[in-house]
Every structure is written in C-alpha cells, then in structure tokens.
Amino acid sequence: MSDTQLTVTLDGGGLDDARAIVRTLEGLFGTPDGPPADAGATVRTATFDSPDTPRAADASPGAAGGTLSAPVTVTVQGTPKAVEAASETLSRAFTARDGGTASGDQERERQLLLVP
C-alpha cells in the first residue's frame, strides 16, 4: 500500500452521480476510504491510496459510470501522475470540460466539469 493519496471532491449532482464517479476511479486506485453516503450533502469527498505510477483506465464514454443526472464539478488533488491518470479516466468515462489546473511543489490539482 502506498502512502500517497488522491483526494476527489465532488460538488453538484446527486448521491448516485457521486457513487458513479467514485466507481469509475476504483478500477484505477482501488476502494476509497468510504463511498459517498450522505444524500443531503452538497459536496462529497473520497480519498484513495494512489499507486506510485497509476495509468489511466480504459473507459468509453458512459461505460464505467453511466449517465449523470446533473453536472458535477470534480476536483482531484494529489501527485501529478495520479491527478493526470484520474483526469484522463474521468474524461473517457464521462463528458468532461477542463476547469484548469494548479501545480504545487509536489502536488497538482485539476478541476473538471462532468456533464450529463
């Protein structure tokens, strides 16, 4: 197990949307610290242990997660390789618009807007 983590923050959509997005990333990063469970929350977070060299999972649009019911803003934060792999995987599985990136010394953050 790695001590490197990928944090995924989901804003918008419903609980089923959040679960679909997290399921899409499980093939790449394994099971998160806990699946999104609070139906009343407006922002949900999942934390994954990240392999040292993750690679984007193959996914065709809609195949892994299905269709979203509403737009969801997804922010992924972690090592540059983990963030890139997560971003590519989500962009393949859902219709995504790039919301930009921010880079730090050893971390990167990317925001995507996933739309139905």
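A polar contact is a pair of N or O atoms within 3.5 Å, where, within protein, one atom must be able to donate a hydrogen and the other to accept it.

**View 1. Overall arrangement of the predicted model.** The protein contains 2 helices and 5 strands, and from the N terminus on these elements follow the order β-α-β-β-α-β-β. Of the 116 residues in the protein, 37% are buried. Among the contacts with a separation of 6 or more, 74% are between residues 24 or more positions apart. The mean pLDDT of the protein is 86, with 84% of its residues reaching 70 or more. Confidence is highest in β3, at 97, and lowest in strand β4 (residues 95-103), where the mean is 91.

View 2. The 5 strands form an open sheet, in the order β2-β1-β3-β5-β4, with antiparallel pairing. Because β2 and β4 stand at the edges and each has a single partner strand, one side of each is left without a neighbour in the sheet. On average, and with direction ignored, neighbouring strands of this sheet are turned by 20° against each other. Strands of a sheet pair through backbone hydrogen bonds, either parallel or antiparallel.

View 3. In the antiparallel sense, β1 pairs with β2 over 7 bridges and with β3 over 5 bridges. L10 has R44 as its bridge partner in β2, while the bridge partner of D11 in β3 is T73.

View 4. In β1, the covered face consists of L6, V8 and L10, whereas the uncovered face consists of Q5, T7, T9 and D11. Helix α1 lies across β1, β2, β3 and β5 and runs at about 10° to β2. Helix α2, in turn, lies across β1, β3, β4 and β5 and runs at about 10° to β5.

**View 5. The largest nonpolar core and the surroundings of L10.** In soluble globular proteins, nonpolar side chains tend to be buried together. The largest nonpolar core here has 24 residues, of which L6, V8, L10, I21, F29, F48 and V74 touch the most other members. At least two residues of this core come from each of β1 (5-11), α1 (15-29), β2 (43-49), β3 (72-78), α2 (80-93) and β5 (108-115). When residues up to four places away in sequence are not counted, L10 touches A18, I21, V22, T42, V43, R44, V72, T73 and V74.

View 6. The side chains of T75 and Q111 are joined by a polar contact of 3.3 Å. Residues up to four places away in sequence aside, T75 touches T7, V8, T9, E109, R110 and Q111. Although T75 and V8 are 67 residues apart along the chain, their C-alpha atoms are separated by 5.7 Å.

View 7. Leaving aside neighbours within four places in sequence, A46 is in contact with L6, T7, V8, V22, P32, D33 and G34. From A46 to V76, which are 30 residues apart in sequence, the C-alpha to C-alpha distance is 9.7 Å.

**View 8. S87, a buried residue of helix α2.** S87 lies in helix α2 and is classed as buried because its relative accessible area is 2%. Apart from residues up to four places away in sequence, S87 touches V76, R110 and L112.

Notes. Residues numbered from 1 in each chain as written. Predicted model: local features only at pLDDT ≥ 70, side-chain atom pairs only at ≥ 80, totals over all residues. Heavy atoms only, no water. Core = buried A, V, L, I, M, F, W, Y, C linked by side-chain atoms within 4.5 Å. Buried < 20%, exposed > 50% of the residue type's maximum accessible area, 1.4 Å probe, protein only. Helix = DSSP H or I, 4+ residues; strand = E, 2+ residues; numbered from the N terminus. Contact = heavy atoms within 4.5 Å. pLDDT = per-residue confidence, 0-100. Pairing = 2+ DSSP bridges. Axes fitted to C-alpha atoms, helices over the stretch in contact; angles between N-to-C directions.
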